[in-house]
Amino acid sequence: MTQSVTVSAPAKINLSLGVGPLRADGFHPLATVFQAIGLFDEVRVRPAESDILTVYGDGVDASDVPTDGSNIALKAARLLAKHHSVDEYVEMHIHKRIPVAGGLAGGSADAAAALVACDALWGLRTPRDELLDLAAELGSDVPFCVVGGTAIGLGRGEVLSPVMSRGSYWWVVVPGEGGLSTPSVYAEFDRLIADSGADEPEVSDSLLSALRAGDVEWLGTALSNDLQRAALSLQPDLAPLLEQGLDASAHGAIVSGSGPTTVFLCESREHALEVGSTFDRTVLVAEAPVHGARVVSR
Ligand code: C5P
């Protein structure tokens, strides 16, 4: 029997996303609070003679996901093999449930899952710190997708520290129509702040207090996203969606990361289903926080 390992990794949302002015290295300094939500991609790996990738979109359009070596999950497998100087290749299958180019870190989740899956398949037992350094090389959000839960992200988002969060939260996730490329949203952010400039970002105390208290109404008022104006400028149809969710009694409404997915904070599954039913498109309901990338079968 061929050995295989399957790992699930969660989508992320940013409860707050503070963005500073463009750095010399082409990235923006962030002060963000990530939360992993119960919407998972799965990555399965098996030994193979050379790397091969297939992708299945489960309720999402995965036609734009590359299946060659430019895919971030295959890059993760190569990076891990190189790091340990092992001559191993994989047949990889990605089962996608996280909307593509949606601001939910779907590609980063796949990379995180691929790192954890290959580590297990090849019996490497990479120390956590080393794995997180490799994750950061792959992308700013990849370390968080490994770790999961609720965490502050500094630097370009890769410097993580855990956040005390009580209870669980329910989100209505409304996928955007079409995707938004992360670099284009940051470029629009740069254009919008060209005259006024941007302050060094900070995580709001109010948001952290709301999480510590487990107070959903308070958390709803403390959500913030410095990329939201840029995402709305590129996709003006998102503004009425946010209004619609608030009118339908969501405690907070925000563009997720660089968008165009919008997310709506609710107090229970029933409340989320009720708010979700007011949208005229397929929406997802997810509980949070959830675990990071982990082996589900082998
Ligand atoms: O790190 P990642 O590859 O996910 O970033 C994709 C792009 O998003 C970067 O090339 C950059 O244009 C933008 N980005 C940024 N500042 C960050 C994170 C991402 O400008 N902190």
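How far does a polar side-chain atom of Ser-140 lie from an oxygen atom of the ligand? The distance from that Ser-140 atom to the ligand oxygen is 2.5 Å.

The model is predicted, so that local features need pLDDT of at least 70 and side-chain atom pairs count only at pLDDT 80 or more, while totals for chains, interfaces and linings use all residues. Residues are numbered from 1 along each chain as its sequence is written, and side-chain values use heavy atoms, with hydrogens and water left out.

**View 1. Residues around the ligand.** The shell is formed by Gly-26, Phe-27, His-28, Leu-30, Gly-139, Ser-140, Arg-156, Thr-182, Pro-183 and Tyr-186; a residue belongs to it if one of its heavy atoms lies within 4 Å of the ligand. Helix α5 (residues 182–192) contributes the most to this shell, with three residues. Helices (H or I, at least four residues) and strands (E, at least two) are DSSP runs, numbered from the N terminus. By class, the shell has four nonpolar, five polar and one charged residues; Ala, Val, Leu, Ile, Met, Phe, Trp, Tyr, Cys and Pro count as nonpolar, Asp, Glu, Lys and Arg as charged, and the others, Gly among them, as polar.

View 2. A polar side-chain atom of His-28 is placed 2.6 Å from an oxygen atom of the ligand. For Arg-156, a backbone N or O atom lies 3.2 Å from a nitrogen atom of the ligand. The ligand taken alone exposes 450 Å², of which the protein buries 73%; accessible areas come from the Shrake-Rupley method with a 1.4 Å probe, and for residues only the protein chains shown count as cover.

View 3. Gly-259 and Pro-260 are joined by a cis peptide bond with omega of about 5°. Pro-260 belongs to the loop between β9 (252–255) and β10 (262–266). The bond from Ala-288 to Pro-289 is also cis, with omega near -5°, and Pro-289 is placed in the loop between β11 (284–288) and β12 (294–297).

View 4. Ala-101 has a positive phi, near 50°, and is found in the loop between β4 (89–96) and α2 (106–121). Ala-101 is partly exposed, with a relative accessible area of 42%. Arg-125 has a phi near 50° and lies in the loop between α2 and α3 (128–138). Arg-125 is exposed, at a relative accessible area of 75%. Buried means under 20% relative accessible area, exposed over 50%, and partly exposed in between (1.4 Å probe, protein chains only).

Key
A polar contact is a pair of N or O atoms within 3.5 Å; within protein, one must be able to donate a hydrogen and the other to accept it, and residues adjacent in sequence count only if both atoms are side-chain atoms.
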